[in-house]
Amino acid sequence: HKTAPAMSTSFGECEQWEGSSGNNFFSNLWEQAASEGITAFISAGDSGAAGCDNGSESTAQYGLGVNALCSSPYDVCVGGTEFNDTSNPSLYWSSTNSSTNASALSYIPEVVWNESGSNGGSGLWAGGGGASTVYSKPSWQTGTGVPSDGARDVPDVSLTASGHDGYLIYQEGGMYSVGGTSASSPSFAGLMALVVQNVNAWQGNANPTFYGLSTKQASGGAAVFHDTTSGNNSVPGQTGYNAGVGYDQASGLGSVDASVMINHWSDASTVPTFHAALSSSSLPVIPGSSASDTLTVTVSNGFKAAVALAITGLPSGVTATFTPTTLPSPGSGTSTLKLTAASTATPGSYSATITATSGTTKQQITLPITVEATPTFSLGSSSSSASIEASGSSGSVTITATPNSTFNAAIAFAVTGLPTGVTGTFTPVTIAAPGSGSTVLKLTAASTAKAGSATLTVTGTSGTLQKTVSLSLTVAPAPTFTLSPSATSVSVAAGGSNTVTLSTTPNSTFSAAISLSVTGLPSGVSGQFSSSGVIASPGSGSSVLTLTAASTVTPKAYSIAVTATGGGVTQKQTITVNVPGLSVTASVTAITVSSTASGSVKITSAVLGGFSGTVALSTSQLPTGISAKFNPTTLASPGNGSSTLTLTKAAGASTGLTSIKVIGTSGSITQSASISVTVK
């Protein structure tokens, strides 16, 4: 947006890592800014000549490199200097501040900013600079010291950037000192604001003016630049560039005297020059066909000469012609560049160099050329993954087909790798010619689908051409929970109570309140849940079930069911409720005892409802003169077993029919059986 005449950017990434698309993006961005009158200032970087390394690294690893954001020919790349005042500080600094808080006595000499481990500092902290591996030398980058390397060199200009003489910033109650080219770049943008104010005009790409002012200064013009001739931007692990007279790749043209620069800005307008530009930043061509672009040359500052056009670096099988090959004096005009690719031309991305020459003035333009392959398309997805639940739920992913400029056909879609229980449908199944558009893949998991991960392959087919894209599918489990009792068997004594805790644990997809209920309670046994038997959402918790048995409950093992319901899910657990007790039985219900014969009966004790204990046997209601003996008198725990009861008649015993009781006792539990006894 055209909102300000000057802008500063303090980000960086080396050209090698940006790739052609990244470098083109930033170059096009700054070219647009320049065309709108915006001057774009970019930090040269803070790792010296090792522009692909971070300044905090101890040793450079990736060789020479420059900041891809500042190496475009359409921006001003700002490097760094530092004050050279340590040998005689009093020569340049007052011991006290003036009434305006100034303390500098004069201009302070500068050297290349280098506070790296190679110059007594640490890390790679130094001003960025070097030669671009992407852009050719712009026509305006000329003058003393400019390398004859055919490449765009950076930085263009510099300002102080070292921690030794850092910029003071007062922010939110605190004073801070900052440095680096991220400080020198916005500072230079501030100076450009003063230029714009003084000349009352936006300047766009200011580099032609900077280099023009440098040329003027070299021939006796105003001393705009403080030429930095000492220091270098070498860092540990990478030899950099030395400062020298005029331009150098360590500090550019040097720093500036702001007042002189502002008041002599128009001096550079007397340098005759021209500028060449293509209507497109790249040119695609199909084997067996041709493509054209228009090159426009504009002249300025009284330039008046013929401009010859040439191109080098064409890929094998591609030829080029300019019509016309020379623009007559004054050099302005247009020429049509036609590229013709033979059918044998190898598809790929290439870079050619267009050179516009007039006498000693030369401008080079890098032209990316794409020899397109046979008609093809690519597939992309709105997401690389999808997640659905195994409960009949579904999810969607959008698949987009992008044809190249030579493709024109329908594309049909299919998906493979679906796990069992998962279906996939496309809407539409086919994208009509020319094959540009999207289809929605709907994935649905049945309740029987197994939870887990799978890799799906979506295939787009057009004739014999197939393209694929992979999707990671996660089938999440259906929402559910587990119901766990603290015990599956609990004893409740007749007349007493006991508890069992019911816990619910939801899985990752369940989130709802859970209600508990109990069924199958026998007569005389009641059950009561804590918290009214409700476990709040998301369903993780417990409730205590208190079981109470009346004293009249028949000893027995009973089976009850606890049911948990929530979120459409029901779980059950069976719990055995043991009401402990005994049964005592006799093998016969009547016996006879006489003076000549004893009577015997087998007494059997059986435990009920999980009872476990020692059972003592005894009798009651024995008639006079009758004695009873058990063998054994005690049944060992758990109380199951039998004993022989023998009744013996003594002299003087009463005769007749009577009834006795056989009693089994264990703690507070007592059971008995009756036997009829005839005494003769």
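The following legends accompany an overview and several close-up views of a predicted model.

**View 1. Overall dimensions and secondary structure of the protein chain.** The predicted chain contains 4 helices and 47 strands. Its radius of gyration is 49 Å, whereas a compact globule of 680 residues would have a value near 26 Å. Along the principal axes, the C-alpha atoms occupy a box of roughly 160 × 80 × 45 Å. Of the contacts between residues at least 6 apart in sequence, 67% join residues at least 24 apart.

**View 2. Surface and charge of the protein chain.** Buried residues account for 41% of the 680 residues. The chain carries 17 positive and 25 negative side chains, and the centres of these two sets are 46 Å apart.

View 3. Glu-372 occupies the loop between strand E20 (361–371) and strand E21 (377–381). Although buried, Glu-372 has no salt bridge. Lys-467, the nearest side chain of opposite charge, is 13 Å away; a salt bridge would require a side-chain nitrogen within 4 Å of a carboxyl oxygen. Leaving aside residues up to four places away in sequence, Glu-372 touches Pro-284, Val-285, Ile-286 and Pro-287, together with Pro-347, Ser-405 and Thr-406.

**View 4. Cis peptide bond between Thr-427 and Pro-428.** The bond joining Thr-427 and Pro-428 is cis, with omega about -5 degrees. Pro-428 is placed in the loop between strand E25 (422–427) and strand E26 (430–431).

**View 5. Cis peptide bond from Ser-637 to Pro-638.** Here omega is near 15 degrees, and the peptide bond from Ser-637 to Pro-638 is cis. Pro-638 is located in the loop between strand E44 (634–635) and strand E45 (641–649).

**View 6. Positive phi at Asn-101.** Asn-101, a residue other than glycine, has a positive phi near 75 degrees. The loop that holds Asn-101 runs between strand E3 (76–83) and strand E4 (110–112). Asn-101 counts as exposed because its relative accessibility is 60%, and the cut-off for exposed is over 50%.

**View 7. Positive phi at Gln-621.** The phi angle of Gln-621 is near 70 degrees, a positive value in a residue other than glycine. Gln-621 is found in the loop between strand E42 (615–620) and strand E43 (626–631).

Definitions and conventions
Residues numbered from 1 in each chain as written. Heavy atoms only, no water. Helix = DSSP H or I, 4+ residues; strand = E, 2+ residues; numbered from the N terminus. Rg over C-alpha atoms; globule rule 2.2 N^0.38 Å. Buried < 20%, exposed > 50% of the residue type's maximum accessible area, 1.4 Å probe, protein only. Contact = heavy atoms within 4.5 Å. Lys, Arg positive; Asp, Glu negative; His and termini not counted. Charge placed at Lys NZ, Arg CZ, Asp CG, Glu CD.
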